[in-house]
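Please read it beside the sequence and the model.

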Amino acid sequence: MIKIVVSDIDGTLLFPKEERISDRIKEVIWKLEKKGILFVAASGRSYNDLRYLFGEVADNIAFIASDGALTIYQNQVIGKYPLEKTKALSFIQDVQKETHAQAAVYCDYMTYTDSKTEGFLKMMRRNMRNHLMTIEPLEKIQQKFLKIGIYYKDTIQEEMMELLPYWDKQFHRVYSSDDWIEYTDAGVNKGVGLEKLYKTFGVLPSEIVAIGDSGNDKEMLKLAGISYAMQHAPDFIKNICDYQTINAVEIIEKLL
């Protein structure tokens with residue numbers, strides 16, 4: 001019997017240019033709840049951003065936010081795996097000293113930056129739904145550091161070339177793109193958040209369905225008893241999954 005359905009958000013439930021979860025998905029979440037199945041949103045996004053996405057059903061589901069660094073159910077923290085603050089600040093100092101990249105620190109309910117670059121700030125405010133605060137120096141942040149994002153408008157891999165070999169060993173590089181690199185603490189990923197959640201609820205991995213589409217879903221998909229890769233997912237994700245799909249919502253609806 002399935003007791004948990006966990007899904008990635010961007011590229012799985014939410015596609016480009018979509019800013020809110022559809023009414024169809026909300027209806028599915030209510031139906032799952034009536035059947036005693038917990039829906040879990042697993043994302044690299046911050047907790048507040050995820051709550052905004054799910055609107056009126058946010059209190060009916062669980063969240064694995066910041067790529068597994070924070071797991072929350074009904075506003076109660078189930079698991080939290082922060083970066084060591086001194087080491088995280090040393091990393092950001094290296095980035096700012098050696099490159100032209102911008103840094104953002106993801107915490108429980110707010111994202112912080114010391115950047116003064118207006119283009120970066122505008123982009124972050126849009127992405128964070130205004131849950132962004134400029135603070136200088138970053139040492140003033142009182143919350144735990146859950147994730148660090150590094151942005152460079154051109155090729156981030158080239159800009160960070162001298163730093164990556166060392167810092168990739170210190171943290172877990174959970175996400176990479178042409179202009180972004182994101183780190184959680186070593187060993188922290190969506191699978192860690194999911195494991196904490198299912199043990200809290202007394203659920204077995206065999207009672208979990210997981211759906212995802214990218215590298216930061218890997219551990220979560222491998223953990224679940226039944227796993228689906230989106231059809232556009234890279235081959236290494238498809239190869240670890242039981243099935244493929246072009247529509248995550250349809251897969252979830254089949255459980256009802």
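A polar atom in the side chain of Asn 189 lies 3.0 Å from the backbone nitrogen of Val 192, where a polar contact is a pair of N or O atoms within 3.5 Å and, within protein, one atom must be able to donate a hydrogen and the other to accept it, residues adjacent in sequence counting only if both atoms are side-chain atoms. Asn 189 sits in the loop between E11 and helix H7 (190–200), the helices (H or I, at least four residues) and strands (E, at least two) being DSSP runs numbered from the N terminus. With neighbours within four places in sequence left aside, Asn 189 is in contact with Asp 67, Gly 68, His 172 and Glu 219, contact meaning heavy atoms within 4.5 Å. The C-alpha atoms of Asn 189 and Arg 173, which are 16 residues apart along the chain, are separated by 9.6 Å.

The model is predicted, and local features need pLDDT of at least 70, side-chain atom pairs count only at pLDDT 80 or more, and totals for chains, interfaces and linings use all residues. Residues are numbered from 1 along each chain as its sequence is written, and side-chain values use heavy atoms, with hydrogens and water left out.

| Residue | Relative accessible area | Class |
|---|---|---|
| Arg 45 | 18% | buried |
| Ser 66 | 1% | buried |
| Asp 67 | 0% | buried |
| Asn 189 | 9% | buried |

Asp 67, one of the contacts of Asn 189, lies in the loop between E3 and E4, and its phi is positive, about 55°, although it is not a glycine. Ser 66 is found in the loop between strand E3 (62–65) and strand E4 (70–73) and has a positive phi of about 50°, although it too is not a glycine. Most residues other than glycine have a negative phi, and most peptide bonds are trans. The peptide bond from Glu 136 to Pro 137 is cis, with omega near -5°, and Pro 137 lies in the loop between E8 and E9.

Ser 66 is also among the contacts of Arg 45, which, leaving aside neighbours within four places in sequence, include Asp 10, Leu 14, Leu 50, Leu 53 and Ala 65. Arg 45 is placed in the loop between E2 and H2, and its side chain is joined to that of Asp 49 by a polar contact of 3.0 Å.

Helix H1 (residues 23–34) has 12 residues and reaches 17 Å from its first C-alpha to its last, close to the 16 Å expected at 1.5 Å a residue, the expected span being 1.5 Å times one less than the number of residues. In H1, Ile 25, Lys 26, Val 28, Ile 29 and Leu 32 are buried. Seen down the axis of H1, these buried residues fall within an arc of 160°, so they line one face of the helix; the arc is that of the directions from the helix axis to the C-beta atoms. On the other side of H1, Asp 23 and Lys 34 are exposed. The buried residues of H1 pack against strand E2 (38–42), helix H2 (47–54) and helix H10 (248–253), and H1 is followed by Gly 36, whose phi is positive, near 80°.

An open sheet of 6 strands runs in the order E8-E7-E6-E9-E11-E10 with mixed pairing, two strands pairing if DSSP finds at least two bridges between them. Its edge strands, E8 (132–134) and E10 (171–176), each pair on one side only, and the twist averages 25° from one strand to the next. Helix H3 (residues 85–98) packs on the sheet, touching E6, strand E9 (147–151), E10 and strand E11 (180–185), and its direction makes about 5° with that of E9; axes are lines fitted to C-alpha atoms, for helices over the stretch in contact, and angles run from 0 to 180 degrees between N-to-C directions. Helix H4 (residues 118–127) also packs on the sheet, touching E6, E7, E8, E9 and E11, with its direction at about 25° to that of E6. Strand E6 (residues 102–106) and strand E7 (residues 111–113) pair in the antiparallel sense over 2 bridges, and Val 105 has Tyr 112 in E7 as its bridge partner.

Strand E12 (residues 208–212) and E13 pair in the parallel sense over 4 bridges, with Ala 210 opposite Ser 227 in E13. In strand E13 (residues 226–230), 4 of the 5 residues are buried, so this strand is largely enclosed by the rest of the structure.

How values were computed. Buried < 20%, exposed > 50% of the residue type's maximum accessible area, 1.4 Å probe, protein only.
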